[in-house]
Each structure stands twice: as C-alpha cells, then as structure tokens.
Amino acid sequence: MKTALITGITGQDGSFLAEFLIEKGYQVHGTIRRSSVDFRERIAHLEGHPQFHLHYADLGDSMSIMQVVSKVRPDEIYNLAAQSHVQVSFDSPEFTADVDATGVLRILEAVRLCGLADTCRIYQASTSELYGKVEEVPQNERTPFHPYSPYAVAKLYGFWIVKEYREAYGMYCCSGILFNHESERRGETFVTRKITLAAARIAQGKQEKLYLGNLSSLRDWGYAKDYVECMWLILQQPEPEDYVIATGEQHSVREFCLHAFRRAGIELEFVGEGENEKGIDKATGKVLIEVSPDFYRPTDVVNLWGDPTKAREQLGWDPSKKTSFEQLVNLMVDADMAKVAVERAGEQVKMNLEEYLEKGIVK
Ligand code: NAP
Ligand code: G4F
C-alpha cells in the first residue's frame, strides 16, 4: 500500500485527488490550516475513513512541512497548496510569492533533508498561467513562458525549482501544466462557478444581476475530476517529465454564460461592446449580466488553449473521452440549481417556524 501526502487537500483538486487515491488503495495524508471557521466542506465525507489522515501544516512554515514529511514519509507528494486566485495575487503579491514560489522550495528541501530524495516522487501543481501573454496558440510543453500576474510569476519559480531539483539531485519531481479545470466544487469567485451560481440564483429569483469583467477572455476548460487522474499518471511514468493537461478546446467567458443560463432555463443574448456590453434575457428583456471594471485585472491572460498531445501519447489520457465542455457546464449548473433550491427550502422552513413561534403555534 502506497502513502501519499497532498498539500491543499481542502481545495477543489485536493478533494477529488484524495477520493481518487483512496480508491486506488493509497493511505492518504493531507495538510490543513488552522482557521476560525471550518473550511473542510469538500473533504468532510472522507473524515474518519481508515485511509484518510489530516495534519496541520502551512506552506509558509518550513518547520511544519518538515514535521509532516518526516512523520508521514510519503512515497508520493502532490503539492497542490497555493494562493490560487490570479486577481487576488495583485492584492497580495508577497503572500502569493511566499506560498506559490518559496513554498515549493520548502517541500523539495523537506524531502531532501528527510532523506527521501531517492524514494519520494513529487507532483507540482503548475499552470497554464505560465504562458500568460501568449506567444503561441495553442500552447504545448515547448511554448515559451510569459507570466502575466504575480501568481504566474510565483508559479514560474515553482516550475523552475522543480526542474532544478530534478537535474541537480536526480529527484523524481515534475510539473503538470494544467489548464483551467472546474467543477461543482470550484471556489465561488472563479468565473465559471460565479456564473453557474448566479444563473441558478437568478433562475430561482434569489439574485437580480451578475457583474463580470472581461467577457471575451478565452479559456480551455476541463473537469477537475478528470484532471486529478493525470496528476497520478504523471507520477507513475518511468522518467519524471512535465506535461500539459488540457482539453484542446477553447471557449469565451461570454459563451460559458450563454450555456450556463440556457441550462438554468434562461435564453440570453449579448448586446453592446466593452464596458457597455450586457446580457439580456430574450424572453423578458431584463438585463441580467453587466460588465464591471472592478473585475478587470491590471494584466489579463486572454487566450489560453492547450495542446494535450504529449499527455495523450505518453500518459494514454484522452480528453475526447472525458467530460465535454457542455457536460461540464451542465453538471455545474445542475449542482448549483439544487444548492439554491435547498437554501430556499431552508429559508421557507425558517420563515414558517418564526411565524409559528410568533403566533404561539409552537413554543
Ligand atoms: P483551491 O481550491 O484554491 O485550493 C487551494 C488549496 O491550497 C486549499 O486547500 C488551501 O487551503 C491551500 N492553501 C492555500 N494557502 C496555503 C498555505 N499557505 N499553506 C497550506 N495550504 C494552503 O485550488 P485548486 O483549484 O484546487 O488548485 C489546486 C492547485 O492547482 C493550486 O496550486 C493551483 O494554483 C493549481 N492550478 C489550478 C488550476 C485550476 O484551474 N483549478 C489550474 C492550474 C493550476 P485552505 O482551504 O485552508 O485555504
Ligand atoms: O476563473 P478565473 O478567475 O481563472 P484564471 O484567472 O484563469 O485562473 C484559474 O486558472 C488558472 C489556470 O490557467 C489557475 F492556475 C489558477 O489557479 C485559477 O484556477 O478567470 C478566468 C478569466 C480571466 O481572464 C478573467 O479576467 O475570466 C475572466 N473574468 C471575467 N469576469 C473573470 C470575471 N474572472 C473572475 N474570477 N471573476 C469575474 O467576474
């Protein structure tokens, strides 16, 4: 039975990867951070499982990383922990650099100092944001990097330090250059989830309008549950190498909105341009989507499109047999429609209870 350590296990990818590895028979250890509120929603269903173990550690704290690595002595580490929001990295650039750049170094050094350099394989969660102000479309493993945010610059350090440790110390460590991957567990401030949640709320009368930034931005969106399999496959290869993981298809934010609202029962049309562009409900003429410059970034990555040929040929991972763009949008909207319906039912129960208490029907 192999032992894996996942940093960032409470995140979208960490939760799917933990499920995947448990299914494969691994002992799964994950790092969590102390917080005054509980952010373990995505992994709550795994707590208490005999193959699932949690430890406190922070990527900004070398000693905590040393402690967990020396205690767990993993066969595989999946370093998924990061300040992962690109827009937030403009507001917190130093924190982002500490976690997303130096944090990777801390993991590599902990493995070396614990004497695990020859036995422990390391996966680094790298990103298509490295291509940034893109120099080629579509992007593959040979495309030059041009990071275009503090997040991407930090992740570029992570990519190069992993390569350096591979070459300098012969360690099995590699980066998955993953393009955007989404799911019903995606954080609510990333654009896809923001749209699916808003579509569900608007369709059920719980929200009036959705404000977005750049509607023309293009992304290669896949399903997170499909992508965690690649993280594992990357660590099972005879030689450590870096891989692009993507669907090979590109869509705009605007297109994502059209599909999501249609799934929620609203047919949209977009009129106007730039900051004046609006998404209008064709049936009622109501404006449901507006552009707000608050969501513009000082530098925005607008043309991501991955070429997954190497992953297809070497890992045997075929995106055409995985979740399609339409299926992804549908499953996200369906999950949010259900979530909003449950919230509404809860509100109704609360209102009824308050009314009954007031009238003295219940005490
Ligand atoms: P996510 O949902 O934001 O999860 C990030 C995880 O990192 C959370 O568990 C978070 O813990 C943890 N974390 C943040 N700061 C930390 C710190 N200082 N010490 C320890 N843990 C910390 O991100 P995701 O979408 O699952 O992405 C996983 C990884 O893949 C990230 O490294 C991201 O940059 C990278 N990536 C993601 C995509 C994508 O499209 N999703 C694409 C390419 C690369 P808390 O819950 O305590 O905040
Ligand atoms: O959903 P996003 O915030 O994701 P972004 O910036 O592509 O980053 C995600 O994917 C990366 C992989 O390429 C990961 F490395 C990273 O950790 C993260 O998971 O924004 C996507 C696009 C951007 O161009 C943004 O400007 O959508 C545009 N957008 C338009 N309106 C918006 C909004 N993004 C957000 N978050 N919110 C908006 O209202």
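Predicted model: local features only at pLDDT ≥ 70, side-chain atom pairs only at ≥ 80, totals over all residues.
Residues are numbered from 1 along each chain as its sequence is written, and chains are lettered from A and ligands numbered from 1 in the order in which they are written. Local features need pLDDT of at least 70, side-chain atom pairs count only at pLDDT 80 or more, and totals for chains, interfaces and linings use all residues, while side-chain values use heavy atoms, with hydrogens and water left out.

Two packed helices are described by the angle between their axes and the distance between the axes. The axes of helix α8 (residues 253-263) and helix α10 (residues 325-359) come within 9 Å and cross at roughly 50°. Axes are lines fitted to C-alpha atoms, for helices over the stretch in contact, with angles from 0 to 180 degrees between N-to-C directions. The two helices α8 and α10 are therefore oblique to each other (under 35 degrees is roughly parallel, over 145 roughly antiparallel, 65 to 115 roughly perpendicular, and the rest oblique). Phe 256, His 259, Ala 260 and Arg 263 of α8 meet residues of α10 that include Phe 325, Val 329, Met 332 and Val 333. By class, this contact of α8 with α10 has six nonpolar, two polar and three charged residues (Ala, Val, Leu, Ile, Met, Phe, Trp, Tyr, Cys and Pro count as nonpolar, Asp, Glu, Lys and Arg as charged, and the others, Gly among them, as polar).

Among the buried residues of α8 are Phe 256, His 259 and Ala 260. Buried means under 20% relative accessible area, exposed over 50%, and partly exposed in between (1.4 Å probe, protein chains only). The elements covering the buried residues of α8 include α6, β13, β15 and α10.

Arg 166, in helix α5 (residues 150-169), is buried, with a relative accessible area of 14%. A polar atom of the Arg 166 side chain lies 3.0 Å from the backbone oxygen of Cys 173. His 29 belongs to strand β2 (residues 27-32) and is also buried, at a relative accessible area of 13%. Beyond four places in sequence, His 29 touches residues including His 53, His 55 and Val 72 (heavy atoms within 4.5 Å).

Lys 278 lies in strand β14 (residues 278-281) and is partly exposed, with a relative accessible area of 26%. The side chains of Lys 278 and Glu 290 are joined by a polar contact of 3.4 Å (a pair of N or O atoms within 3.5 Å; within protein, one must be able to donate a hydrogen and the other to accept it, and residues adjacent in sequence count only if both atoms are side-chain atoms).

Notes
Helix = DSSP H or I, 4+ residues; strand = E, 2+ residues; numbered from the N terminus.
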